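I opened the model today and went through it feature by feature. These are my notes, in the order I looked things up.

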Amino acid sequence: MITFLVCITLLVVSYFTYGKYVERCFGADRDRPTPCRTHFDGVDYVPMPKWRTFLIQLLNIAGLGPIFGAVLGATYGPVAFLWITLGGIFMGATHDYLAGMISVENRGGSLPEIIGKYLGMTVKQVMRYFTIILMVLVGAVFILGPAGLLSSITGWENSIWIGVILVYYIIATLLPIDKIIGRIYPIFGAALLFMALGILGVILFGPYRLPELNASTLGNMKDNASAFPIIPTLFITIACGAISGFHATQSPLMARCIEHEKQGRGVFFGGMIAESIIALIWAGIAMAFFGGVRELNSSLAEHGNNAAWAVDAISRTTLGKMGGILALLGVVAAPITTGDTAFRSARLIVADILNMEQKTLRRRLYICIPLFAVGFGITFVDFDVIWRYFAWANQTLAAVTLWAVTVYLFIRRKNFYIMMLPAIFMTFITSDYLFTSGQMIGMGLTPGTSLAAALTAVTTGYFIYRFRKSPSQSDL
């Protein structure tokens, strides 16, 4: 319990300390006009109060990540607490805040446009299509998951629920952001927080014992540890609770809605800290509920490593009937709301590429129809295959975003090391996973890790060379 409480405390304190430092690095100015004021269109650029943008941001970036990813990551043992806490503070929250605020500074521009501005036109073109593919994958993943669960609950065919969810996605993506997202999402976001607080109460006052981080529990506690090494697999498994490139694709949605720059720390940095706390709570209860980490591994193995089963069992047992309702909300509503904002982000990215205004419904339809057609087609692919590539693509996007933010800070003569070190780390993790994982290329540990280290060194060397050229702020 001590390890868990220390980690919770560090996350909360970081918002008021490290979060303020990062805010100073960016130079947030309350009086500088934000995109919702300078580019108001009544569709995507709409001013909203801070509490609303915070809850929408939290729900947009959360989905199943801080719940399912944390439960699966808990199979590694208390080392997961370290990754969620340190990753959430020094990588995830900083990544989300700076990416979001750079979008604010650039008229609410989508992520590929921001990456291109600081990493060059070639990278921009690659990331445009890479990000669109990731958004459609996210949308497809978050159609299949909820549809499968709703089918098992109601007895209706899975295809019926796929159709229902897809129709909702189309409506939510086309309508102005304040019609559905702005009104309903804060309710779901609040419910997600209440669900986590309920589980936290069970941890603090219930009969469960959380494992402590010590010499005997610091290592990999998975049953098949050799097949799933901590480096790199843990850092891919727990993404949204620590750092996720997907978040940076969602931040422009709220970058177009915050009323002044000082709201950014609460919305972007605070949203990520809240998600890390949710992930920490779910990792903790997963380790304790089944009697320990070994027992968690065994229980999940008996149910096909289905995190949804574990979440449902934990919620219903610890929270009673209300827990069943909240569990349904957590594993159905949260991913659905993340899926539709993924498609909305894809629409905005395509609109930026085509320089097509989105105030007219007809022009929104031009973009949405092909996107949803592709998304629907992907639902016929096996869920595990989609998730495998989504997880890697998500963290790869985080690495690229970290490098772009590093260049941004360097150009402005700020402390760019706060992003460069995480960028180096995530470049190695994603490369290592790509080369060594049996789910990807599967080269084997020694050759794959060596190649990942070499690629990371080359990438780092390139950026150091680029920094020595010392571009001025006026160049961008």
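**Ground rules.** I am working from a predicted model, where local features need pLDDT of at least 70, side-chain atom pairs count only at pLDDT 80 or more, and totals for chains, interfaces and linings use all residues. Residues are numbered from 1 along each chain as its sequence is written, and side-chain values use heavy atoms, with hydrogens and water left out.

**Overall.** I find 19 helices and zero strands in the protein chain; these are DSSP runs numbered from the N terminus (helices H or I, at least four residues; strands E, at least two). I looked up the radius of gyration, taken over C-alpha atoms, and the globule rule is 2.2 Å times the number of residues to the power 0.38. The chain has 21 Å, which agrees with a compact globule because 476 residues would give a value near 23 Å. The C-alpha trace spans about 60 × 50 × 40 Å along its principal axes.

**H6 against H18.** How do the axes of helix H6 and helix H18 cross? Those of H6 (residues 79-105) and H18 (residues 417-436) come within 11 Å, at roughly 115 degrees. Axes here are lines fitted to C-alpha atoms, for helices over the stretch in contact, with angles from 0 to 180 degrees between N-to-C directions. The crossing is left-handed, meaning the near helix is turned anticlockwise from the far one by less than a right angle (clockwise would be right-handed). H6 brings Trp83, Phe90, Met91, Thr94, His95 and Leu98 to the contact, and H18 brings Ile418, Met419, Pro422, Phe425 and Met426; contact means heavy atoms within 4.5 Å.

**Cavity.** I get one cavity of 30 Å³ or more. On a 1 Å grid over the protein atoms alone, a cavity is a set of points where a 1.4 Å probe fits but cannot get out; a pocket is an open set with protein on both sides within 12 Å along at least five of seven lines; lining residues have an atom within 4 Å of a point. Grid points are joined across faces, edges and corners, and a volume is the space filled by probe spheres set on the points. The largest cavity has about 50 Å³. Its lining includes Ser110, Pro112, Thr249 and Ile349. Helix H7 (111-119), helix H12 (245-255) and helix H15 (307-354) each give two or more residues.

**Pocket.** The second largest pocket holds about 420 Å³. Of its 20 lining residues, Thr396, Val400, Trp403, Thr427 and Thr459 lie nearest the centre. H18 turns up again, supplying at least two lining residues, as do H8, H17 and H19.

**Backbone.** Ile231 and Pro232 are joined by a cis peptide bond, omega about 15 degrees, and Pro232 sits in helix H11 (residues 230-237). Arg107, in the loop between H6 and H7, has a positive phi near 60 degrees. I flagged both because most residues other than glycine have a negative phi, and most peptide bonds are trans.
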